[in-house]
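Colleague: Please take me through this model one question at a time. Start with any term I need.

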Amino acid sequence: MKSFVKALLLMGVAMPAGADTALVVGTVDAASTTSYGAPRYLGTALTQLDQAGFELISALDADAATLRQLVTRLVTADEQDTLVIALSGRFVSHGGLSWFLGRDAGQQDLGSVSGAGIPVQLLMDIAAASSARSVILLAPENQGIALGAGLQDGLGPLAVPEGVTLATGHPASVARFLRSDLLTPGRPLRDAFAAAPGMTVVALDDPFVPFIPAPVVTPVVPADEQAYWDAMSTLDNVFAYRAYLNRYPAGYYAAQAQARIAALEPPAPQLTPEEAENALGLSREDKRNIQRDLAVLGYYNSGIDGLFGPGTRGGIRQWQQANGLQVTGYLDAAQITRLSDQGDVRREEIRAQDLAYWNQTGQGSDEAGLRAYLGRYPNGQFAQLARQRLDAIEAEQARQADIAFWNQTGRGQDEAGLRAYLGRYPNGEFSQLARQRLNTILAQQEGQAWQLAQARDTIAGYRAYLNDYPNGLHAQQAQQRLAQLQQAAGEPAAWQQAQARDTIPAYRQYLNDYPNGAHAVQAQQRINAIRADNQAWQQAEAADTIPAYRAYLNQYPNGRHASDASNRIDAIRADNQAWQQAEAANTVQAYRQYLNRFPNGRHATEAQQRIDALAPPPSGGIPLNLGQRVAVERALDNLGFNPGAADGTFTAQTYDALRAYQQARGLPVTGVVDAVTAAALLVEGMANN
């Protein structure tokens, strides 16, 4: 390949010497779906290159034919001094071969790709074959186009020839480096790359030599400094160069000394992604800007708070994956720049779409357009104006509806219309007038009702007035006259009747009939007293002890339940005495006598337990295991003979149940499970289990 390139150089017609040469090409495939504008980025560097004295061989969005013409111009230029090649756009590769494609490439495969672009290796060989100092900058951009068989998106492994510097990066990073860091006069190439975020150096030639030479200045170096520098540079070690810098910190050879120290010292340790991000010292506002960029690109949907939690880290990882970057969840300087550029592009797209839709919907000239705009852009650049206009439209619609309903309900001419209007528009345009008219109507109605009550002068008439106007202007007069009429109509007899019954319903009936009667207070007091008596009795019944019943009698010696309390005290005392007698005898017969007298007594359970303990089980019967005994107990229980707990432990209650069963079935009464009883239970009881 090199010999072929050299032959091209020899055959070509050289361009006039003098200017440095820069080949700058940025393309976006016509079929692209995800491009962020490779030509736009590189186009920002053309002016600076021209001002720096470069002869430009450039094209933005070049097709395959134009790319080949540009290569021909590059070969015939025969640059001998300084050569820059910068390509941004779509690259594809196969093994060690890579191609830069034109805007008309579309979908390619390995068999057709050579005609759709130019080989990257060809450009590197052209640079290596010339005597010029050459820098090649490549900015791959995934433009979302499917590839055919044999090809992969992006650059493959690059065999960079000797004498050529080559670096890669995002289109924005390459453009920034091309228009600033690379063109700084006197800056060594190594320092230029070190100051450029987002650039990856693949090969670096003459790292300590400036790419753009500094203006030639005849040095004036004092003799003693020159002598000291000559001595230290001869030693050529870190200590010698530091000694020179200590003596001459601003000396003529200070930059060279620092460069040699950097070259001789071991490289700085590689930072982890998290350490690299921390080293940037991002402020809270910097982090908010990153969150805003992630949000506008659709990778983050939480609060813009400048705090990087799981949501932000997850958004960063999604963005890195979508951009073909190493997925770490942490950002370096180049990625932040790339993210910011993408965010700016997306915001501009949204702003343009927002404006287009605002114009499309009539620029807020009608309600339908305003609602359509706010439905799509609730936070758009015209959202506040749209809401203001929509609020004004809705307010006017509401006002017109208010007026229409006022007219519909009769314009306040009757009570029904006024109530209907105030029910729908309590704060409406006519609400104050409606209330005034309604109050006037109600006052007239109350006056008429009071006149009617006075004319009738009856208990029913005054009660009707008070029911309709409990807080009316004449309520006090109505209550006074009602009390007089009630007194005259039999209130004393009603009170005597309530006292005779002396129940809460009776007193309530009195109060219902005579709420302002002479004995209304006494009736309420009696209701409270009866309720307190009943509550005390309920508490005593719940405790069901002699002290509880005595406490009730002490509080209510003549209470409504005094007789019941005394009876319960006697019953509990008799139960306790009978139990004491049974305990004193401590025989089965004594405990059975207690149970016969008090089957649900306070000590019935303990009496049965004592019987079980004292009564020996009857002898005889067939031997049964635990499961068989449980089956017998369940059979007896199913037949209604209550053998006790069905746990296989035969107690006196179990034997009594067996006797009762045997007697009821006409079997020999043994109290044990003999063969006859077992057969009967098997047939009758267990079959029903």
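Modeller: A pocket is an open set of points on a 1 Å grid over the protein atoms alone, where a 1.4 Å probe fits, with protein on both sides within 12 Å along at least five of seven lines; lining residues have an atom within 4 Å of a point. Its volume is the space filled by probe spheres set on the points, which are joined across faces, edges and corners. The model is predicted: local features need pLDDT of at least 70 and side-chain atom pairs 80 or more, while totals for chains, interfaces and linings use all residues. Residues are numbered from 1 along each chain, and side-chain values use heavy atoms, without hydrogens or water.

Colleague: Which element gives the most to the lining of the largest pocket?

Modeller: The largest pocket has a volume of about 1400 Å³. It is lined by 47 residues, and those closest to its centre are G198, T200, L325, D332 and Q335. Helices (DSSP runs of H or I, at least four residues) and strands (E, at least two) are numbered from the N terminus. With five residues, the element that gives the most is α14.

Colleague: Which strands stand at the edges of the open sheet of six strands?

Modeller: The order is β2-β1-β3-β7-β9-β10, and the pairing is mixed. Strands pair if DSSP finds at least two bridges between them; β1 (residues 20–26) and β3 (residues 82–89) run parallel and are joined by six. One side of each edge strand has no neighbour in the sheet, because each has a single partner strand; these are β2 (54–60) and β10 (199–203).

Colleague: What is the partner of G26 in β3?

Modeller: G26 has its partner in β3 through a bridge. That partner is S88.

Colleague: Which helices do the buried residues of α16 pack against?

Modeller: Helix α16 covers residues 383–408 and reaches 36 Å from its first C-alpha to its last. Its buried residues are A383, A386, L390, D402, F405 and W406. They pack against α14 (333–360), α15 (367–376), α17 (415–424) and α18 (431–456).

Colleague: Which residue with a positive phi follows α16?

Modeller: The phi in question is near 95 degrees. The residue is G410.

Terms used: The expected span of a helix is 1.5 Å times one less than its number of residues. Buried means under 20% relative accessible area, exposed over 50%, partly exposed in between (1.4 Å probe, protein chains only). Contact means heavy atoms within 4.5 Å.
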